[in-house]
Amino acid sequence: MCESMLRNCGTALKEVDVIAAAAGPGPLPACASACLRPRPCLAWRKACCGVSTLEAMAWNLAHVDGVICCAMDARRNQVYNALFRAEEGQLIRLTPDRAISLAE
């Protein structure tokens with residue numbers, strides 16, 4: 001899957017220094033197995049790191065100063081969420097990734 005994605009981006013594996021994979025919260029994405037079971041990273045001799053799904057979402061708005069609330073359906077009347085403040089293109093985490101009730 002990773003090799004297919006790189007092909008679609010016009011990037012060769014030799015150009016990649018680090019493989020990042022969604023580390024949650026949420027259902028475990030297929031790519032996260034690269035960090036939990038690092039066989040592909042070891043075989044490719046690449047570093048691997050996990051990235052918060054919610055923080056990755058927030059970076060899409062880091063250029064807009066203000067408070068960012070990222071949320072994903074956690075089922076059972078809950079959402080995964082985290083709050084961030086964007087200032088001058090940087091993110092400041094205000095809360096940890098967490099599951100809260102819809103009422104909260």
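A search of the whole structure finds zero disulfides, a disulfide being a pair of cysteine sulfur atoms within 2.5 Å.

Trainee: What kind of model is this, and which pLDDT limits apply?

Mentor: The model is predicted; local features need pLDDT of at least 70 and side-chain atom pairs count only at pLDDT 80 or more, while totals for chains, interfaces and linings use all residues. Residues are numbered from 1 along each chain as its sequence is written, and side-chain values use heavy atoms, with hydrogens and water left out.

Trainee: Is cysteine 70 buried or exposed?

Mentor: The terms rest on relative accessible area: buried is under 20%, exposed is over 50%, and partly exposed lies in between, using a 1.4 Å probe and protein chains only. Cysteine 70 has 5%, so this residue is buried. Cysteine 49 has 33% and therefore counts as partly exposed.

Trainee: How many salt bridges are there?

Mentor: A salt bridge needs a side-chain nitrogen of Lys or Arg within 4 Å of a carboxyl oxygen of Asp or Glu. By that rule there are three. One of them joins arginine 93 to glutamate 55, with an N to O distance of 3.2 Å.

Trainee: Where in the chain do arginine 93 and glutamate 55 lie?

Mentor: Helices (H or I, at least four residues) and strands (E, at least two) are DSSP runs, numbered from the N terminus. Arginine 93 is in strand E5, residues 90–93, and glutamate 55 is in helix H4, residues 53–59. The two are 38 residues apart, and the pair links distant parts of the chain. Arginine 93, at 35% relative accessibility, is partly exposed, and glutamate 55, at 27%, is partly exposed.

Trainee: Which residue forms a salt bridge with aspartate 97?

Mentor: Arginine 93 does, with the closest N and O atoms 2.9 Å apart. Through shared partners, salt bridges join Glu55, Arg93 and Asp97 into one network. Aspartate 97 is partly exposed, at 28%.

Trainee: What is the distance between the closest N and O atoms of arginine 85 and glutamate 87?

Mentor: Those atoms are 3.8 Å apart, and the two residues form a salt bridge. Arginine 85 has a relative accessible area of 32%, which means partly exposed; glutamate 87, at 38%, is partly exposed.
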